[in-house]
Amino acid sequence: MTKNWLKPFSIVSASLLMQSCMQQQTSLEQANTEQSPSIAVLAVANPSAFERPSEQIYLSFNELGIEGTHALVVRDKKAQLPLDVIDKDGDGNEDGIVILVSLKSGAKKELVISRASAPISRSDQKLTQAEISRKHGGDWNTHPKKPEFKAYDGGVFENVTQLTPPDFYTDHSNWIRYEGPGIESDKMAYRLYLDERNGFDVFGKTTPQPILQRVGLDGYESYHSMTEWGMDLLKVGDSLGAGGFGFWQNNQVQAAIPAETRTATIRNNTNTYSSFSIDYQNVHIGQNQLNISALLSMQAGSELVHTQLAMSNASNDFVIGTVKHPNTELLLGDMNIPGDSFTYLASWGPQSLDGGQLGLAVLFRKRDFNKIVDDKKSYAAHMKTRGNQLDYYFVAVWDGETQEPIKSADQFDAFLKRETEKLTQPIRVRLQTSHTKETRAQISRQSAKAALHWSEWMADSELQRKTLKYRAGGWDTNRRRVPKFEYDIVGILPLAYARLGAAMNNPDYTDVLEKVTGSYIRSDGSIIAYSSENFNIDSVAPGRAVLALYNQTQLYNQAQLDNQAQKKKYKLAADQLREQLRNHPKTREGAFWHKKKYPGQLWLDGVYMGMPFLAEYTTLFEQGAALHEVVQEFILTRKYLRDEKTGLYYHAIDETRQQEWADPTTGLSSEFWGRGVGWLAMALVDTLEYLPADKPELTTPLQDMITELAGALVKYRDPDTGLWWQIMDKPNKRGNYLESSASAMFVYFFAKAVNRGYLPESYTNVATSAYDSLVKEFITVNADATISMTNQCLVAGLGFGRDGSYNYYMSEQIVADDPKGTAPFIMAGLEVAQIQKR
């Protein structure tokens with residue numbers, strides 16, 4: 001069920017809309033430099049140790065809380081910045097804006113986005129371009145070199161927005177200017193052959209001005225020699241060229257794309273952002289037939305081309321790469337990195353047609369990479385297409401460039417390291433929109449139970465977006481994979497819905513448990529997408545949702561005694577998870593390993609994943625026999641992971657001292673990761689509720705930890721917002737950011753602890769003020785009447801390329817609307833609502 005939460009405020013909204021229209025009408029009579037009140041305030045920060053002079057930030061109309069409009073302007077304190085309205089996803093509809101901003105190392109800026117009185121110039125000059133041009137007014141005749149094809153005689157070139165070549169078109173048919181669509185920035189230009197070759201080529205520029213419109217007007221030969229604008233740089237042949245894609249067939253790269261038709265469409269052609277797409281229909285690769293859609297885009301100030309591929313069905317044979325010319329060397333980026341970090345495959349050497357040095361590269365996420373494949377004509381990376389999609393970047397640099405040319409392999413390698421860091425660690429963004437601010441004020445004024453409003457609204461928004469996709473065999477949207485029996489999508493999120501459904505007596509919420517978690521439980525109690533042999537404690541966390549299903553069925557069966565099979569299967573599923581914990585490997589002193597493949601390691605995450613479930617299970621079915629084991633886990637966690645100086649907890653310890661992230665003396669990881677401490681905080685209050693109050697030997701250790709941790713958390717609140725940072729004790733360090741999932745977990749911790757008497761009433765203000773800041777800082781009211789939760793660390797872990805350094809935690813993806821944040825937000829709202837009822 002999706003409610004329109006703006007309906008209660010329709011009168012106010014209509015008044016605001018009328019006022020806005022009147023303001024626009026008045027302002028149309030004024031100078032174009034005047035703006036109406038701001039739409040949004042945008043705080044941006046550079047996380048890198050180097051200057052980032054041309055960074056583009058995209059904001060959708062939806063998150064800005066407005067309908068599409070061209071009449072926008074953006075300013076910092078000094079000047080107006082370049083802004084363009086674009087169609088980011090290439091579907092034919094403008095969906096947002098891009099802003100071009102320059103930031104010195106570690107610098108921060110505040111930008112204000114306002115409505116302008118009329119469409120205004122977005123930038124001083126045209127810095128990007130995409131085009132495709134074909135002849136008209138001539139005739140098709142037999143191709144002079146390929147009689148089975150045709151060539152075009154006579155006519156003049158005309159730019160078009162879409163083009164599908166006829167079957168008889170081939171290379172050098174003299175119909176398409178420079179043989180395909182082109183794209184450029186002020187740095188570099190590229191073209192893609194619109195025939196079966198699918199070649200990716202480079203036009204080196206000697207000027208930042210647009211040059212594509214000048215290329216190939218007098219035939220194919222002129223641009224193979226130096227001109228006043230530059231020249232064609234690359235002999236592509238039947239290779240992957242300057243960063244193309246193809247298939248791995250019969251132990252060689254097939255760069256050609258044998259499609260029945262291919263259609264090029266210009267999607268954007270603005271001053272600072274341009275793109276085109278190519279749709280390949282009925283591509284035949286081996287026994288497989290598929291359609292491929294490719295969207296290629298460039299932004300001002302960058303040589304990189306972003307390539308986004310979508311396939312109609314799966315292919316395990318995708319490759320990307322560059323041409324392999326003689327006397328060139330292969331350069332590979334670091335592969336010992338986290339999965340979502342970018343790395344590269346590159347070539348360098350005297351491969352430019354002018355005899356100069358030319359560097360070519362493809363940049364991709366480590367998670368999408370499979371292996372390097374060997375071929376005589378191409379340097380290639382065999383890739384994984386998760387969800388039948390792949391996105392990567394390609395780039396060329398030339399020593400003939402007039403703007404800071406790169407002259408050596410070492411310089412090219414340094415350039416690529418910077419570019420991959422920029423992709424891995426994008427500009428930090430904090431967005432505050434007027435639409436959100438007005439809606440928040442309306443809810444606060446009209447409801448004494450505002451927290452329940454926000455919890456319901458988040459639940460409805462996620463139901464509309466993706467919650468039910470987490471069912472078995474569905475799709476894990478943020479991880480881009482088929483769902484596993486995961487702690488978040490199958491565990492904490494359905495549990496949050498169940499609690500909300502119980503509080504609001506709403507079956508649309510309580511049914512999520514059955515539709516998502518229940519879909520993984522077979523009739524015999526076996527669990528889909530779960531393997532006990534992995535001894536992954538993350539997989540135990542959904543057991544709490546399984547027990548919630550059991551308890552729901554238990555209540556149902558007391559009135560309806562015809563559903564014993566349902567009750568039994570949930571009990572059997574919970575039994576399997578309990579059995580895993582009986583056999584789960586432990587440290588020398590008895591703490592659960594995080595996973596079998598992480599020997600000797602105790603993680604904060606794992607305490608939450610296993611202990612609340614074990615406490616509930618043993619209370620329900622074992623008369624509390626394992627409660628001492630549960631409490632011992634917390635005691636050992638405090639003993640080994642708590643820092644005496646700060647009162648905070650390190651992410652993990654390796655008792656073997658073997659991991660790269662482990663201190664050789666203590667075995668500890670080096671940082672206080674916000675969400676890691678958040679998992680522990682929630683584990684404390686969730687577990688204590690199952691411990692019998694008349695057994696202080698069980699309750700006292702957890703109660704003492706709650707008291708200690710509460711004091712430390714208050715100490716490390718951000719003084720301006722009252723929230724918490726990704727790395728908790730380094731608020732002013734470059735790249736650090738206020739993180740929403742940890743902040744939501746801490747609000748839940750404080751509010752639940754106050755409600756249950758684990759903390760004194762004096763902490764009430766901490767809970768409520770932090771909750772208010774949580775909504776203010778991280779919740780965006782979208783134009784489509786949904787809300788979103790921003791600035792969430794997608795994942796963080798240790799080992800397998802994750803070295804536990806500060807830079808590592810800064811490198812993990814920052815996303816919106818991930819269950820690890822939205823579920824604690826929903827539950828935090830429920831706990832704060834209890835406080836509001838007093």
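Predicted model: local features only at pLDDT ≥ 70, side-chain atom pairs only at ≥ 80, totals over all residues.

**Exercise 1.** Find the order of the strands in the open sheet of 5 strands, and name its edge strands.

*Solution.* Step one: reading across the sheet gives 17-16-22-27-26, with antiparallel pairing. Step two: strand 17 (252-254) and strand 26 (369-373) each pair on one side only, and that makes them the edge strands. Step three: on average, neighbouring strands here are turned by 40° against each other, direction ignored. Step four: look at strand 22 (residues 318-323) and strand 27 (residues 378-383), which are antiparallel and joined by 5 bridges. There, Ile-320 has Ala-381 of strand 27 opposite it.

**Exercise 2.** Decide whether Gly-216 is buried or exposed.

*Solution.* Begin by locating Gly-216: the loop between strand 14 (200-205) and strand 15 (230-232) holds this residue. Next, use the cut-off, under 20% relative accessible area for buried. Gly-216 has 4% relative accessibility, so it counts as buried. Finally, list its contacts: leaving out residues up to four places away in sequence, Gly-216 touches Phe-157, Arg-177 and Tyr-223.

**Exercise 3.** Check the span of helix 3 (residues 409-424) and find how its buried residues are arranged.

*Solution.* Second, the buried residues of helix 3 include Phe-412, Phe-415, Leu-416 and Leu-423. Third, seen down the axis, the buried residues fall within an arc of 165°, so they line one face of the helix. Last, their cover includes strand 24 (342-349) and helix 16 (806-811).

Notes. Residues numbered from 1 in each chain as written. Heavy atoms only, no water. Pairing = 2+ DSSP bridges. Helix = DSSP H or I, 4+ residues; strand = E, 2+ residues; numbered from the N terminus. Axes fitted to C-alpha atoms, helices over the stretch in contact; angles between N-to-C directions. Buried < 20%, exposed > 50% of the residue type's maximum accessible area, 1.4 Å probe, protein only. Contact = heavy atoms within 4.5 Å. Expected span 1.5 Å × (residues − 1). Arc of directions from axis to C-beta.
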